[in-house]
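Let's take a walk through this fold, sheet by sheet and then helix by helix. Keep the structure open beside the text as you read.

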Amino acid sequence: MAGSTFGTLLSITTWGESHGKGIGVVIDGCPAGLPLAEEDIQLYLNRRRPGQSRFTTPRVEADQAEILSGVFEGKTTGTPISLMVRNTSQRSKDYSEIASYYRPGHADYTYDKKYGFRDYAGGGRSSGRETIGRVAAGAVAAKILAELGVSVRAYAKSIGPVSIDYSRFDPAQALENPVCMPDADAAVQAMDYLDQCRKNQDSAGGVVECIIKGLPAGIGEPCFDKLSANLAKAVCSIGAVKGFEIGDGFAAARSNGSVNNDAFHAEADGRIGKLTNHAGGVLGGISDGSDVVFRAAFKPTASISAEQQTVSRSGENITVSVRGRHDPIIVPRAVVVVECMAALTVLDLMMVGMTSRLDRIRAFWKNVREED
Ligand SMILES: Cc1cc2nc3c(=O)[nH]c(=O)nc-3n(C[C@H](O)[C@H](O)[C@H](O)COP(=O)(O)O)c2cc1C
């Protein structure tokens with residue numbers, strides 16, 4: 001199975017299945033000298049952990065992080081960091097039924113076509129549990145970014161038909177309510193809507209918004225590794241993501257240049273700023289110094305207990321009601337996944353960008369020589 005690695009200079013390789021012994025990640029390219037403890041990673045994993053509210057799968061997992069390599073006396077050594085979470089609540093019998101048919105909206109059919117057989121227990125690699133490795137690695141990236149003055153924050157912008165009202169925007173709320181909305185009133189409405197969906201044995205989708213602050217101008221490569229392109233790949237590689245937009249995104253297609261262009265202006269300190277941010281902080285694939293703002297659209301969870309039509313592995317038309325433990329909505333648990341994929345993308349491009357200017361390379365090595 002190719003394609004489990006992401007990143008150029010800071011790369012991650014995730015491994016493991018939903019109902020295997022464990023799930024993890026190898027981070028390569030993390031600089032030496034970062035203080036790192038399992039608690040740093042746990043803080044992030046806890047935000048993704050299942051079983052925390054009636055709006056997540058009832059599967060209860062501690063998702064305890066273990067650092068297997070790359071850290072010595074509390075600091076990263078510059079060698080590959082291997083992080084692991086053991087699965088403790090596998091109930092593969094819940095999924096034995098799925099072995100015999102293709103869940104509508106899930107990856108069962110395409111995995112069978114691609115590999116000739118599949119790990120049907122909990123969806124194998126197509127399970128949301130694959131994102132544990134991303135979140136563990138993202139916690140490390142976020143810690144490095146904090147040292148560089150860059151922060152990445154995501155939250156639920158909408159759930160089903162309920163959207164946050166920016167006049168009530170309160171970032172602390174997103175960490176407090178079970179639907180991760182930065183608007184307490186919208187969160188209550190979203191929870192009512194989700195309760196209705198659950199009563200109907202149905203699921204719901206939503207939009208996650210992410211803001212990257214403190215990113216200097218100049219991050220991102222001009223062609224295939226544009227900041228926007230790498231963010232899109234990072235985010236669209238998360239299961240159930242069906243849309244990505246940066247800045248005004250699809251709304252920009254209905255705008256006019258006179259409105260959509262962000263006017264530049266000179267700040268009092270001589271720096272160049274923008275009066276608006278329709279571009280979402282990226283021009284020509286390169287950060288422009290404003291906040292980077294993007295959104296990811298998540299579809300409703302595929303595995304629902306309402307009856308649906310499908311086809312069995314042996315080719316018969318059948319009706320199914322999907323059993324097992326599933327998230328009635330993916331968005332609240334995916335918020336931290338989006339945040340972590342953004343942190344990994346930005347840090348990787350910051351590292352890649354360190355070679356773009358001879359004057360800076362010269363200054364870097366001059367500094368090294370002076371230290372020696
Ligand atoms: C954090 C997270 C949790 C998920 N939980 C479930 C779940 O409980 N049930 C389900 O059917 N899909 C779940 N998914 C979505 C599936 O992984 C995804 O829909 C599936 O792999 C098919 O891929 P696609 O939707 O991108 O086409 C979850 C995804 C994420 C990121």
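Bear in mind that the model is predicted.

Start with the sheet built from strands in the order 1-2-3-7-4: it is open, has five strands and pairs in the antiparallel sense. Its edges are strand 1 (5-6) and strand 4 (65-69), each of which pairs on one side only.

Now move into that sheet. A hairpin of five residues links strand 2 to strand 3, and these two strands pair antiparallel over six bridges. To find your place in the pairing, look for tryptophan 15, whose bridge partner in strand 3 is glycine 24. Strand 3 also pairs antiparallel with strand 7, again over six bridges, and here valine 26 has serine 82 of strand 7 as its bridge partner. How covered is strand 3? Mostly: five of its seven residues are buried.

Strand 4 and strand 7 (residues 81-86) run antiparallel and are joined by four bridges. Serine 82 turns up again here, standing opposite serine 69. Across strand 4 and strand 7 lies helix 1 (residues 38-48), which runs at about 135° to strand 4. Helix 3 packs on the sheet too, where it touches strand 2 (11-16), strand 3 (22-28) and strand 7, and its direction makes about 40° with that of strand 3.

Helix 3 has another partner to look at. Two packed helices are described by the angle between their axes and the distance between the axes. For helix 3 (residues 131-147) and helix 8 (residues 331-352), the axes come within 8 Å and cross at roughly 50°. That angle is why helix 3 counts as oblique to helix 8. The crossing of helix 3 with helix 8 is left-handed. Among the residues making the contact are Val135, Ala139, Ala142 and Leu145 of helix 3, and Val337, Met341, Leu344 and Leu347 of helix 8. By class, this contact of helix 3 with helix 8 has 16 nonpolar, two polar and one charged residues.

Five strands in the order 9-8-10-16-11 form an open sheet with antiparallel pairing. Strand 9 (162-163) and strand 11 (241-246) each have a single partner strand, so one side of each is left without a neighbour in the sheet. Further in, strand 8 (residues 151-159) and strand 10 (residues 206-213) run antiparallel, joined by eight bridges.

Conventions
Residues numbered from 1 in each chain as written. Predicted model: local features only at pLDDT ≥ 70, side-chain atom pairs only at ≥ 80, totals over all residues. Heavy atoms only, no water. Axes fitted to C-alpha atoms, helices over the stretch in contact; angles between N-to-C directions. Parallel < 35°, antiparallel > 145°, perpendicular 65-115°, else oblique. Left-handed = near helix turned anticlockwise from the far one by under 90°. Contact = heavy atoms within 4.5 Å. Nonpolar A, V, L, I, M, F, W, Y, C, P; charged D, E, K, R; others polar. Pairing = 2+ DSSP bridges. Buried < 20%, exposed > 50% of the residue type's maximum accessible area, 1.4 Å probe, protein only.
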